[in-house]
Amino acid sequence: MADLDPWLAATLLLPIAMLAACGFARARARIPDLLWLVPLPALFTAVVAPDGAELVLPAARLGLGLSFRLDRVGAMLLGAAALLWLLAGVYARAGLRRTPGAAAFAIWWLLTMLGNLGVFLAHDMVTFYLFFTIASLAAYGLIVHDQSAPARRAGRVYVAFTLISEAMLLAGFVLLAAATPQHGIGIDEVVDALAQSPWRGTTMALLITAFALKIGLVPLHAWMPLAYSAAPIAAASVLSGAAVKAGVIGLIRFLPFAAPPPHWGQALAAAGLVSAFYGVGAGLFRANPKTVLAYSSVSQMGVLATVLGMGLMAANRHTAIIAAFYATHHVLVKGSLFLALGIAASRGWRLWVVAALALGLAGLPLTGGALAKAAIKLPLSDGAIGLIADLSAVASAILMFHFLRCLVCAPDAEPAPPATRLRRRAWLLLALACVAVPAALFPRLELMTWGEIFGPKPLWDAAWPILVGGLVTLARQSFYDRLPVRRAGAELGVDHALLLISRRFGDAVVAIDQHLRQWPTAALMFVGLVLVLAGALLMR
Amino acid sequence: MTDAASQSVLPVLGIMLPATGMLLMLLVGGRYVEWLALILLPAGLAVAAAIFAAVWREGHTLIYVVGGWQPPLGIALRADGLSAAMMLVTAVIICATGLFAGPQFSQPRGRPERRAPLVFWTLLLAIWAALNAVVVGADLFNLYVALELLTFAAVPLVALTGGTETIEAALRYLLFALLGSVSYLIGTVLLFAAYGTLDIALLSARVRPEPISWIAASLMTIGLIAKTALFPLHLWLPPAHAGAPAPGSAVLSALVVKGSFFLIVRLWFDAMPGLLNLAAAQLLAGLGAAAILLGSILALRQSRLKLLIAYSTVAQVGYLFLIFPLAGAASEPASSIAWTGGWLQLFSHAFAKAAMFMAAGLIAEALGHDRIAELGGIARRLPISTLAFALAGLSLMGVPPSGGFVAKWLLLLASVMQGQWWWAAVILLGGVLAGAYVLIVVGKALAPAGAAAAPTAPVSRRREVVALTVALGAVLLGLVPLQPSELLQIGRLDVHALAAR
């Protein structure tokens, strides 16, 4: 397996080399054209990675304090993400040519990609935190790319959420290390040691909240609709498809499926369910297709959190692979739905492709989505919980019909840049991958046979939520025949208030500082501190 | 103390080399000053490296007894593990600053001599000599002298450009530092009156917890805190550090404030071990926490880049004071972890802040101003400086791999292990705020230039590379293992053993 090492190295070194090249003016002008090349080593690594085997690059081998591993979960997500980065890179190329912000966009793009690919390969907490942080921070530059007022607002809200998520993650990681013998940082050892940790509850709370912020679980989702609506289409595509999966891989890697502490599975599943339905409900009140897709992400990530929570409740070790499979499909399908917004896909045969992709999220038979839904039904299978899964599929179908309607009715909601042939091909390839990749991976998971998917009963099980969703949409349309007008992040009216409050607070601190920096005050403080410190020494 | 130490002339060389060089510069003048600097900087670096290597290899303290007179009659210079590390970091930053300042402070050929270059180079060497004297001094009065030299070398650096504003800032600095010195001196006198010695090793065996030592310790500590600009005694720092020329700001923020902090630690951990109680440790760290939070918020509110960086120094100095409650308690291994974390914070901040001030200086030179709102497009014109700023910023935020990350990790680990979770909360909040102010600047720098963007002045590529190299130093510090460092423990145990006697 040693022959994979160079590819693994190239996965991370190529983006770094490209970033370094941005230091030279002549190279910088060419970089936006070459963005699509950069994820190729990652794609290759993921494709030829030995199935089921683990490749580990220990820290000692690199001498950088970083360690990497490539396992099946990581390879699936790495491959899908790399494919999306590649095709979205092709797509971004046409729009970037000779625009003033192209170089900056390319730098933020490369950084986000580097972090995103690296996080799937991290083998210890420091490496994980490094790549997680790079991707999270660099995404800010992609969101605010067009420097408009909504973009800057979205960027502000995003940064606030992200920095808090980073801080909680760091706190969780430190608690994990503190509970591990010799304060080790390997992911496997710290997760094993969590069972004996004196801070188990706090650690779980910090980790789950940090990753919930990243994947946008309600009520920590407020940044997501704002950010995806404000970002350029190519950026929204990679952010919603690939970057958000950093939170998913975090949950997969750090949740202790082997020895789960009580109640946390229920809590995560409950939060996931709320998100799954809230995302649909809120999305129905929006008309901008980008915003609707963002709320669909909130909902889909809610479904994933439910799956992970259920797996945690049942201490089911297969949950990781199932969740990764579902996430892999979501990488591709959400990426291609966003790209569809920029290629005039609102009519003709392309609309049918978009429809198939969109309804795939609700499990339309013969799509990759049907396989993804079938896989997650395993941990969700019994009784009332199975009913919830079906209801969630119906809800997704309603939201996706709404999305299609928004796409058709309001194609000019955002003036799309001219669609070139290359762009359309990139998009079409991605759309094909939405079926081909899950179909290729599915048999290897050995969860169920093709017969269990293609029988009449499973086909009907997958199809009826779509039909119900379609009927509900028709009924809804006949009662209320206008597109909604609410904007992205309307529920987040508080951010202006918070901004105002934080400004006031900042002003107050500035006033205090000005006061403290007056001579009489400073001299008084000096004498006061001498007395207080002497007094403190007295207390023993 | 004699059991694990070897005699060496190296510590005294570390002080005498820059001190003699400084006097020589005043003698020769003109263009020879730069040439002299060109020889002295690498020589001083070599001495620092030799001391570091010797302490590392032999694993114990180096001692030089001046004139052969043993303390308390004579004076001794001690270089323990911490001194060695401090000297090396000081030497590297001074040399980098020298390289960076070279083109800015050189005498023009064939024109009348300017005053600024001569003053700058002599002050740089004076600061170096003073810092080395601070870290190897083993006697509280010697340390007072070193501290005064440090202050008097640092103050004129602020006023080097000669504007009214900077002279006002320098005077503020001078007066407040003077207040600190007086306070320190009174404390020293009290200690001498009570215990009859100022030698740290002897004192550590004699000091008893009683009113006179409490008052002395309090006076000395607050005096030193005033010179370290710990909140709320930071009034002089922002105008001084923002007003000095870029190389001056770099040295002031990276090294000079650390000199007085080093003395506070010497005082509490070496000279008066056992005097530090829970309340005092929590008080010192509480001031540090206030500095972290309020300093970071103030940094966020600045509209000028150099002031933002100066307030960031106010915040980052706060982290250092967490060492008192976290490393002061006798609970191994947590206190060793905190000890290493605290010093790594000092070293990585030295690199990061020097790089930041250098990058900011170049940006201001190119644009003719340092207004953050108008930084648009600077990344395109000065990509290397922007990268240097960003890398230094990542270290301040605590993103791996950087010295800032390792420092924060160790401090967090120590506070969790000791159940002092409130310091962990402050460290995390400080990281969030640092992330915000670094991202604001980097985001602005990468944004496209505004319509009314003025043409930029050319900037020396060499100076940009120096700034980047220093920033890389902060990143490379992140490669040290996530464990308590053995080097920083060298020379500590014997003092503690003495105290326990």
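Me: In chain A, what share of the contacts with a separation of 6 or more comes from residues 24 or more positions apart?
Reply: This is a predicted model. Chain A has 24 helices and two strands. Among its contacts with a separation of 6 or more, the share from residues 24 or more positions apart is 81%.

Me: Why does chain A count as compact as a globular protein of its length?
Reply: The C-alpha atoms of chain A fill a box of roughly 85 × 55 × 50 Å along the principal axes. For 540 residues the globule rule gives 24 Å. Chain A is as compact as a globular protein of that length because its radius of gyration is close to that value, at 24 Å.

Me: What percentage of chain A counts as buried?
Reply: A residue is buried if 20 or more other C-beta atoms lie within 10 Å of its own. Chain A has 540 residues, and the buried part comes to 57%.

Me: How many helices and strands does chain B have, and what is its radius of gyration?
Reply: The secondary structure of chain B comes to 20 helices and three strands. Its C-alpha atoms fill a box of roughly 70 × 55 × 40 Å along the principal axes. A compact globule of 501 residues would have a radius of gyration near 23 Å. Chain B agrees with that, at 22 Å.

Me: What percentage of chain B is buried, and what percentage of its contacts between residues at least 6 apart joins residues at least 24 apart?
Reply: Chain B has 501 residues, of which 64% count as buried. For contacts between residues at least 6 apart in sequence, the part joining residues at least 24 apart is 81%.

Me: Which helix of chain B gives the most to the side that touches chain A?
Reply: The contact takes 48 residues from chain B and 49 residues from chain A. Several helices of chain B each supply at least two residues, including α8, α11 and α16. By class, this side of chain B has 40 nonpolar, six polar and two charged residues. The most, nine residues, comes from α18(B).

Me: At what angle do helix α8 of chain A and helix α17 of chain B cross?
Reply: A:Val174, A:Leu175, A:Ala177 and A:Ala178 meet B:Trp409, B:Leu412, B:Leu413, B:Val416 and B:Met417. The crossing is right-handed. The axes come within 9 Å, and the angle is roughly 65°.

Me: Is the crossing of α3(A) and α5(A) left-handed or right-handed?
Reply: These helices pack at about 150°, with their axes 8 Å apart. Their contact has 10 nonpolar, two polar and no charged residues. The crossing is left-handed.

Me: Which residues does a cis peptide bond join in chain A, and which in chain B?
Reply: In chain A the proline is in the loop between α10 and α11. There omega is about 5°, and the bond joins A:Val218 and A:Pro219. In chain B the proline is in the loop between α8 and α9. There omega is about 0°, and the bond joins B:Phe231 and B:Pro232.

Me: Is A:His263 buried or exposed?
Reply: A:His263 is in the loop between α13 and α14 of chain A. Its phi is near 75°, a positive value in a residue other than glycine. The cut-off for exposed is 12 or fewer C-beta neighbours. A:His263 has 12 inside 10 Å, so it counts as exposed.

Me: What is the phi of A:Leu366?
Reply: A:Leu366 is in the loop between α17 and α18 of chain A. With 16 other C-beta atoms within 10 Å, A:Leu366 is partly exposed. Its phi is positive, though the residue is not glycine, and lies near 70°.

Note on methods
Residues are numbered from 1 along each chain as its sequence is written. Chains are lettered from A and ligands numbered from 1 in the order in which they are written. This is a predicted model: local features need pLDDT of at least 70, side-chain atom pairs count only at pLDDT 80 or more; totals for chains, interfaces and linings use all residues. Helices (H or I, at least four residues) and strands (E, at least two) are DSSP runs, numbered from the N terminus. The radius of gyration is taken over C-alpha atoms; the globule rule is 2.2 Å times the number of residues to the power 0.38. Two residues are in contact if their C-beta atoms, placed from the backbone, lie within 7 Å. Axes are lines fitted to C-alpha atoms, for helices over the stretch in contact, and angles run from 0 to 180 degrees between N-to-C directions. A crossing is left-handed if the near helix is turned anticlockwise from the far one by less than a right angle, and right-handed if clockwise. Ala, Val, Leu, Ile, Met, Phe, Trp, Tyr, Cys and Pro count as nonpolar, Asp, Glu, Lys and Arg as charged, and the others, Gly among them, as polar.
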